[in-house]
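I opened the notebook on a new model today. Here is what I looked up, entry by entry.

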Amino acid sequence: MNYINKFFIKNNRSIKFASNKMSKFGLRCLVVLNIKNKYLGTLSTGDIRKSLIKGVKAQDSIKKIYQKKSFFIKYNQNKDYNYKKILLKKRLDLIPILDKSLKVVDVISQ
């Protein structure tokens with residue numbers, strides 16, 4: 001398995017599947033993709049907890065609970081980002097790096 005695949009989840013998966021994947025890999029956040037592998041947003045353990053408290057079922061899709069306006073960086077070969085500094089400053093668990101077509105080319109995590 002490609003190392004960044006552990007961070008990906010399709011938007012039609014269930015909350016239970018997402019939670020199990022996070023537990024399996026020790027993650028607190030996943031990158032949500034559509035069926036064409038384009039970036040849609042992120043899903044955190046906090047998003048899952050909040051939805052369950054509101055009465056959403058574990059079998060329900062993550063479509064309504066993931067963050068559609070999450071932070072990402074567009075890939076630019078000429079720019080040198082200090083990713084660790086951005087992670088700390090913005091208090092993020094991960095940063096998706098996207099190409100022009102919104103496909104994830106890398107994931108920076110703590």
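**Salt bridge.** I looked at Arg28 and Asp93 in this predicted model and found a salt bridge between them, the closest N and O atoms lying 2.7 Å apart. I counted a salt bridge when a side-chain nitrogen of Lys or Arg is within 4 Å of a carboxyl oxygen of Asp or Glu. The pair links distant parts of the chain, 65 residues apart: Arg28 sits in the loop between helix 1 and strand 2 (29–33), and Asp93 in the loop between helix 3 (83–90) and strand 5 (94–98). My search of the whole structure gave one salt bridge.

Helices (H or I, at least four residues) and strands (E, at least two) are DSSP runs, numbered from the N terminus.

Arg28 is partly exposed at 48% relative accessibility, and Asp93 is partly exposed at 27%. Buried means under 20% relative accessible area, exposed over 50%, partly exposed in between (1.4 Å probe, protein chains only).

**Thr42.** I found Thr42 in strand 3 (residues 39–44), buried at 9% relative accessible area. Beyond residues up to four places away in sequence, Thr42 has contacts (heavy atoms within 4.5 Å) that include Asp47, Tyr66 and Leu94.

**Helix 2.** In helix 2 (residues 45–53), I listed Gly46, Asp47, Ile48 and Ser51 as the buried residues. Their cover includes helix 1 (15–25) and strand 3.

Technical notes:
Residues numbered from 1 in each chain as written. Predicted model: local features only at pLDDT ≥ 70, side-chain atom pairs only at ≥ 80, totals over all residues. Heavy atoms only, no water.
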